[in-house]
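This report examines how two chains are arranged and joined. The structure is shown first, and the discussion follows.

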Number of protein chains: 2
Amino acid sequence: MRIITVSREFGSGGRELGKRMADVLGVAYYDKEIIAKIAERVKMDEGYIERVLDRSYTAQYPYTFRRSFAMMPPIYHRQPNLFAEQAKIIRELAEKEDCVIVGRAADVLLWEKKPFNIFVYADMTAKLERCRERASEQEQLTDREMVQMAKRIDKDRASNYALIADHAWGDKRAYHLCVNTAGVKIPELVPLVAAYAQMWFDNRDQG
Amino acid sequence: MRIITVSREFGSGGRELGKRMADVLGVAYYDKEIIAKIAERVKMDEGYIERVLDRSYTAQYPYTFRRSFAMMPPIYHRQPNLFAEQAKIIRELAEKEDCVIVGRAADVLLWEKKPFNIFVYADMTAKLERCRERASEQEQLTDREMVQMAKRIDKDRASNYALIADHAWGDKRAYHLCVNTAGVKIPELVPLVAAYAQMWFDNRDQG
């Protein structure tokens, strides 16, 4: 099985890279699709699931609950463990077919399948610029607000990652290729990174 | 001017990658050549210069001398500053023609020329294996000794780098591409990384 995982800083263009690589390689692409699958399975709202999974772990529980953890009845046990559900779904998807998975610590969850792991990053100026190019509600944010948001999102990604990984999110040793997208057009990047991944898989499968 | 700098961990195959990229791109390649040029200029032995530049900074002075720095006459002033000489030569080379420069903190020395900066790394197992494939005096070393040597060399590279850089050696933010060579054959890597560098330069020169 040839699984490509793409971890990325907010605004680095990693999602676009992953999507386009999946197109070029003719394989499945998973990102938000995973949320939809969880929602279907646990019968909960997608928006809620996304908020829980994409923010840091403890956001799952109300503040007062966290404070007096030991004294409260374990209500949270009645909630499905969304992280566990997500892990299960990602493993099922990777069992089925070649694919590109963006985010969600798929590189760690799937390490036994020897995925090709990419980390996509850039300096803050380049990331801001890339965000501005996208048409979305982020348009109304000031630069300062956008920087704060980007930092918070990446911090959450790092904490979620830390729940299951024994190395830091973004530590280059965990990836096969780290791509700085400052000054780069994602569509031009795609065939090169796709060719790189295929070369890597060919070596893996020969060895 | 199109300058490619290759920083690399010992045993990662970075030097081979740099050399082959220079061949493929038809540009000059500089590594040990720089030592020879310094030797010529300062009229000192190449082996001595290499020992000074490739080990950490203070290795330049005998131990007792370092200990009583303030009380000794400044004999060391009579020695040419080899780091400064090296920096000067690297800048002169980069002025002359497109080239690939391996090591020597060329990415920092030449930042004004906007070089394309690559960092090449791998896990220790892969690096050991690569070292074993090379025929050299290292063949007589045990694995343990080789690991120690690799670590010491990289530590020296990091300290030399710290003399002039405001970020850590190997910090991915300082590079445009970080390549993990574990499970990769360098010759297969070359055309992809060369194409990547050219794409990056094209974007740089358009923008």
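## A salt bridge within chain A

With which residue does the side chain of Glu9(A) meet in a salt bridge? In this predicted model, the partner is Lys127(A), with an N to O distance of 2.7 Å. Glu9(A) belongs to the loop between strand 1 (3-8) and helix 1 (14-25) of chain A, whereas Lys127(A) belongs to helix 7 (residues 124-133) of chain A; the pair therefore ties together parts that are 118 residues apart in sequence. Over all chains, the structure holds 32 salt bridges.

## Extent of the interface

Contact between the chains involves 26 residues of chain A and 26 residues of chain B. The area buried between chain A and chain B is about 2,300 Å², of which 51% lies on carbon and sulfur atoms. On the side of chain A, the residues that lose the most area to chain B are Lys172(A), Arg173(A) and Leu192(A), and together they account for 24% of what that side buries.

## Polar and charged links

Between chain A and chain B, 21 residue pairs are in polar contact, with both residues at pLDDT 80 or more. Three elements of chain A each give two or more residues to the side that touches chain B: strand 4 (116-121), strand 5 (177-180) and helix 9 (186-206). Helix 9 of chain A supplies the largest share of that side, nine residues. Sorted by class, the side of chain A that touches chain B has 15 nonpolar, six polar and five charged residues.

Two salt bridges are found across the interface of chain A and chain B. In a salt bridge between the chains, the side chain of Arg173(A) meets that of Glu9(B) at 2.1 Å, N to O.

## Strand pairing between the chains

Strand 5 of chain A also pairs with strand 5 (residues 177-180) of chain B; the sense is antiparallel, and the pairing extends over three bridges. Within this pairing, Leu177(A) is placed opposite Val179(B), a residue of strand 5 of chain B.

## Symmetry of the two copies

In general, two copies of a chain are related by a rotation about an axis and a shift along it. Here, chain A is superposed on chain B by a rotation of 180 degrees with 0.0 Å of shift along its axis, at an RMSD of 0.0 Å. The two copies are thus related as by a two-fold rotation axis. In chain A, the C-alpha nearest the axis belongs to Cys178(A), at 2.4 Å from it.

Methods:
Residues are numbered from 1 along each chain as its sequence is written. Chains are lettered from A and ligands numbered from 1 in the order in which they are written. This is a predicted model: local features need pLDDT of at least 70, side-chain atom pairs count only at pLDDT 80 or more; totals for chains, interfaces and linings use all residues. Side-chain values use heavy atoms; hydrogens and water are left out. Contact means heavy atoms within 4.5 Å. Buried area is the accessible area (1.4 Å probe) that two parts lose on being put together, summed over both. A salt bridge is a side-chain nitrogen of Lys or Arg within 4 Å of a carboxyl oxygen of Asp or Glu. A polar contact is a pair of N or O atoms within 3.5 Å; within protein, one must be able to donate a hydrogen and the other to accept it, and residues adjacent in sequence count only if both atoms are side-chain atoms. Helices (H or I, at least four residues) and strands (E, at least two) are DSSP runs, numbered from the N terminus. Ala, Val, Leu, Ile, Met, Phe, Trp, Tyr, Cys and Pro count as nonpolar, Asp, Glu, Lys and Arg as charged, and the others, Gly among them, as polar. Two strands pair if DSSP finds at least two bridges between them. Copies are superposed by least squares on the C-alpha atoms of residues with pLDDT of at least 70 in both.
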